[in-house]
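Thanks for coming. I have one model to go through, and I will keep it short.

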Amino acid sequence: MSLDLHVPALGAARASRLDRAIVIRALCAAVVVAATLLSLPAIADERPSLRGDITASSDVITFGEIVSGAPEEIAGTPVFRAPNLGEEGTIQTARILAAAEALGLDRVETFGRSQISVLRAARRVAAEEIAAALKAEIGQRFALDAGSLSVVFDGQPPALVVAPDVTEPVGVIDLAFNADSRRVSGIVFVGPSAAERRSQMLVTGSVIETVEIALLNRAVARGEAIRPADVTVERRPRGAVPVDARLENVEIEGRVARRSLSAGAAIRQGDLVRPDLVARGENVLIVYRSRGLTLTMRGSANEAGALGDVINVTNPQSKRILQATVSGPGQVVVNAPSLGPVASAAAIAQ
């Protein structure tokens, strides 16, 4: 016996409505899936997680400093002590998870890290700043020029470490200075006052008094002018510098080399002279001045001379030798105020 089943065919209109319903349901399902996927990063971001290595700015580390997304009510809770100023330490992840559990937080994303590093922020006060404070204090107490002093510390150069927001300058207390041995010791500190020191240490060393010298940057030929760019000024220990090489005793401006000087040489008092404005044997203009009378004549220079030098010149007519002062290039002046005008004029002409 056979059983024939007959399924009636759907009408065109009904098939069309069914297709639209299937498409709409598929689109709705896709929207739900997409929304779920897009929300996953946000959920992950909101989950408490380790921040990674951090820099601490105070003595203690709060839970919120090491765990991102920590609930507000526990984020400010101190959980660990920070390293000393300028030092670095580590915190094991297991300790962080234990702290979270103690605060009622049962889940923290660690990203597989076993520990985090913590650097304590600090400002380092270097030896140069400490030395400047010592020199200023010595100069004030012992009437010395602080700018001429140099401090050589015993051992490693000292340094003070303070919090980044501490801006007070270095202070000095208990200063001891021996003017004969040049030994110095004292306590240096940073803080608003000696009674409120943020950081301090005892320093010892020697004080060297220095002087300035001028070193040539290039070789200079005899008679060549010295320009400012040709000279470098340095400080050297006073005892190692000859008196005539100290910059305070050397006049450089408007001077020329008396002899050839090599690069790197220290300029000494006798190395420079004023440039000659009159050459030996040069035909010069002689200006004669007396009370109410000025005469000019030509003469011959018997010797070379710089500005202000007194040299001998010869009157070519009378062959008389006169003492004259160099007043400019190729020019000398003869002053005869003690003679009357007529007598003076006659005397110089003879």
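This is a predicted model: local features need pLDDT of at least 70, side-chain atom pairs count only at pLDDT 80 or more; totals for chains, interfaces and linings use all residues.

Residues are numbered from 1 along each chain as its sequence is written, and side-chain values use heavy atoms, with hydrogens and water left out.

Salt bridges, then. The term here means a side-chain nitrogen of Lys or Arg within 4 Å of a carboxyl oxygen of Asp or Glu. Searching the whole structure gives 17 of them. One of these joins the side chains of R47 and E109, at 3.6 Å from N to O. R47 sits in the loop between α1 (12-46) and β1 (49-50), and E109 in the loop between α4 (93-102) and β7 (115-120), so this pair ties together parts that are 62 residues apart in sequence. Helices (H or I, at least four residues) and strands (E, at least two) are DSSP runs, numbered from the N terminus.

How accessible are the two partners? For accessibility, buried is under 20% relative accessible area, exposed is over 50%, and partly exposed is in between, with a 1.4 Å probe and protein chains only. R47 is partly exposed at 33%, and E109 is partly exposed at 21%.

Next, R268 and D244 form a salt bridge in which the closest N and O atoms are 2.9 Å apart. R268 is in the loop between β15 (256-257) and β16 (272-273), D244 is in the loop between β14 (231-237) and β15, and so the pair ties together parts 24 residues apart in sequence. Relative accessibility is 35% for R268, partly exposed, and 25% for D244, also partly exposed. There is also a network: R218, E224, R227 and D230 are joined by salt bridges that share partners. Within that group, the side chains of R227 and D230 meet at 3.3 Å, N to O. Is D230 buried or exposed? D230 is buried, with a relative accessible area of 2%, whereas R227 is partly exposed at 46%.

Now the barrel. Five strands close into it in the order β18-β19-β21-β22-β23, with mixed pairing. From one strand to the next the twist averages 50°, where axes are lines fitted to C-alpha atoms, for helices over the stretch in contact, and angles run from 0 to 180 degrees between N-to-C directions. Two strands count as paired if DSSP finds at least two bridges between them.

Strand β18 (residues 283-290) runs antiparallel to β19, with eight bridges joining them. S290 is opposite L293 in β19. Their hairpin has two residues between the strands, and G292 there has a positive phi near 70°. On β18 there is also a parallel partner, strand β23 (residues 331-335), joined by five bridges; here R289 faces N335. Strand β19 (residues 293-301) pairs antiparallel with strand β21 (residues 310-314) over two bridges, and A301 stands opposite V313.

Last, which residues line the largest pocket? They are R222, G223, V256, A257, R258, V273, R274, P275 and D276. By class, the lining has four nonpolar residues, one polar and four charged.

Key. On a 1 Å grid over the protein atoms alone, a cavity is a set of points where a 1.4 Å probe fits but cannot get out, and a pocket is an open set with protein on both sides within 12 Å along at least five of seven lines; lining residues have an atom within 4 Å of a point. Ala, Val, Leu, Ile, Met, Phe, Trp, Tyr, Cys and Pro count as nonpolar, Asp, Glu, Lys and Arg as charged, and the others, Gly among them, as polar.
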